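Open the structure in your viewer and keep the sequence panel beside it. This tour goes from one selection to the next and says what is there.

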Amino acid sequence: MSQKVAFIGLGVMGYPMAGHLQQQGFDVCVFNRTTSKANKWCEQYAGRMAKSPAEAATNAEIVFLCVGNDDDVREVVLAEQGVLQTMAAGSVLVDHSTVSAQVARELYASCKGKQVGFVDAPVSGGQAGAENGQLTVMAGGDVVDFDRVEPAIQSFARCCKLLGSSGSGQLAKMMNQICIAGVVQGLAEALHFGQQAGMDCAAVIEVISQGAAQSWQMQNRYQTMLKGEYEHGFAVDWMRKDLNIALQEARNNGSTLPLTALVDQFYADVQKMGGNRWDTSSLLTRFK
Ligand code: NAP
C-alpha cells in the first residue's frame, strides 16, 4: 500500500513538490489556505485534500510544509488546527520553508514532546527546480528521522543531505543566500560598468563566463538583466526575508556580514522602486 503523506502549502514551490510525491506513488493529502489552489492540485494530480492542516496530517507518516516565514510555520504546526494536533508518535514533520534556525529548534523540541520527528529541510533551486524535481535540500535533525524521510524527498530533489543537528538545514540555507547576495551584486556592478564604458556586455559575458568569473547567476541571468526583465524567479521580498534571517543569526553567533548587510539595503532600494516581486537580479535597476 502507498505510504500516506501530507503536504501543507501549495505555493510556487509546494504545488509542484507535492505533485512529484503523488506521481512517485505516495498517497498525498494536501492542505492550502486558499482552497482554490488545493482544488486545482487535486484535479491535476488526482490526489486528496483536507480542510485544515490537522486533518491533512491525520494518519500521515510524513508531513511536509512549504509555507512562508517563521510565524506562518508556527501557525500551521502549533495552532489549534495545526499538524501537531493530529500527528501520531513515530511520524516525521519536514519543513521545506526558509525560516530561522531558532524556529527549527523550537519545533524540533515541540515535536519531540509528542514523539514526532522533525527535520528542517529548506530548498534551493527555485521554481524551475521544484517543477523539474531537481531541488537541492539542506537538512538538519536526527539521522533516524532523516533516513525515514529521505526516500520521499528524492521525489523532487537531485541532492539531499543531512548537515547536522536541528537547525543545520536552515543555517546551510543562510550560507547559500549569503553567497548569492554577493554574486548578484558583483554581476550587477560589472554590467553597469560595462554599459557605462560602452562595451558590448553580452559579448564580454560570453567570454568571461568561460573563465574564473563564471557563476550560475551569470549564466542564467545576464541576458534577462541586459533586457531589463526581472520576472525570472526568486522575489526581492523573499530575498530580504532570507537575508534578514541570516543577519539576525550572525548577531547571535558573532559573525560579521558586511557585504550581506549592504546588499540587503540595496534590495530595500529596489523595494522602494516598486520591485517587491521582481527577481533578485533586479539589483541592476539601482544604477539606472
Ligand atoms: P508562495 O508561492 O508565496 O506560497 C506560500 C504558500 O504558503 C501558499 O500556499 C500560502 O497559502 C501558504 N501559507 C503562507 N502562510 C501561511 C499561513 N500562515 N497559513 C497557511 N498557509 C500559509 O511561496 P513559495 O515561493 O512557494 O515559497 C515557500 C517557501 O519556500 C518560503 O519560505 C520561501 O522562502 C521558500 N523558497 C522559495 C523559493 C522560490 O523560488 N520561490 C526558493 C527556495 C525557497 P495561500 O495560497 O493561501 O497564500
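Start with Asn 59. At a relative accessibility of 60%, over the 50% cut-off, Asn 59 counts as exposed. Asn 59 sits in the loop between helix H3 (53–57) and E4. Its phi is positive, about 70°, although Asn 59 is not a glycine. Most residues other than glycine have a negative phi.

Now select Ala 46, in the loop between helix H2 (35–45) and strand E3 (48–49). Ala 46 is not a glycine and has a positive phi of about 55°. Is Ala 46 buried or exposed? With a relative accessibility of 65%, Ala 46 counts as exposed.

**The whole chain**

Zoom out. Keep in mind that this is a predicted model. Colour the chain by secondary structure: the protein chain has 12 helices and 9 strands. Its radius of gyration is 20 Å, close to the 19 Å that the globule rule gives for 288 residues, so the protein chain is as compact as a globular protein of that length. Along the principal axes, the C-alpha trace spans about 65 × 45 × 35 Å.

Of the 288 residues, 50% are buried. Among contacts between residues at least 6 apart in sequence, 65% join residues at least 24 apart.

Next, colour by charge. The protein chain has 23 positive and 28 negative charges, and their mean positions are 1 Å apart.

**Aromatic rings**

How many aromatic pairs does the structure hold? There are 5 aromatic pairs. Select Phe 7 and Phe 64 to see one: the ring centres are 5.8 Å apart and the planes are at 15°, under the 30 degree cut-off, so the pair is stacked. Phe 7 belongs to strand E1 (residues 4–8) and Phe 64 to strand E4 (residues 62–65), so the pair links parts of the chain that are 57 residues apart. Both Phe 7 and Phe 64 are buried.

**Three helices**

Move to helix H5 (residues 101–112) and pick out Ser 110. Ser 110 is partly exposed, with a relative accessible area of 28%. Which residues does Ser 110 contact, leaving aside its neighbours within four places in sequence? They are Leu 78 and Leu 84. Draw a distance from Ser 110 to Leu 84: C-alpha to C-alpha they are 8.5 Å apart, and in sequence 26 residues apart.

Go on to helix H10 (residues 216–227). Its buried residues are Gln 217, Met 218, Arg 221, Tyr 222, Thr 224 and Met 225. An α-helix has 3.6 residues a turn, so residues three or four places apart point the same way. Just after H10, select Gly 228, which takes a positive phi of about 75°.

The last stop is Asp 264, in helix H12 (residues 258–272). Asp 264 has a relative accessible area of 3% and is buried. Leaving aside neighbours within four places in sequence, Asp 264 is in contact with Arg 240, Leu 243, Asn 244 and Leu 247.

Definitions and conventions: Residues numbered from 1 in each chain as written. Predicted model: local features only at pLDDT ≥ 70, side-chain atom pairs only at ≥ 80, totals over all residues. Heavy atoms only, no water. Helix = DSSP H or I, 4+ residues; strand = E, 2+ residues; numbered from the N terminus. Rg over C-alpha atoms; globule rule 2.2 N^0.38 Å. Buried < 20%, exposed > 50% of the residue type's maximum accessible area, 1.4 Å probe, protein only. Contact = heavy atoms within 4.5 Å. Lys, Arg positive; Asp, Glu negative; His and termini not counted. Charge placed at Lys NZ, Arg CZ, Asp CG, Glu CD. Phe/Tyr/Trp six-rings, centres within 6.5 Å; stacked < 30°, edge-to-face > 60°.
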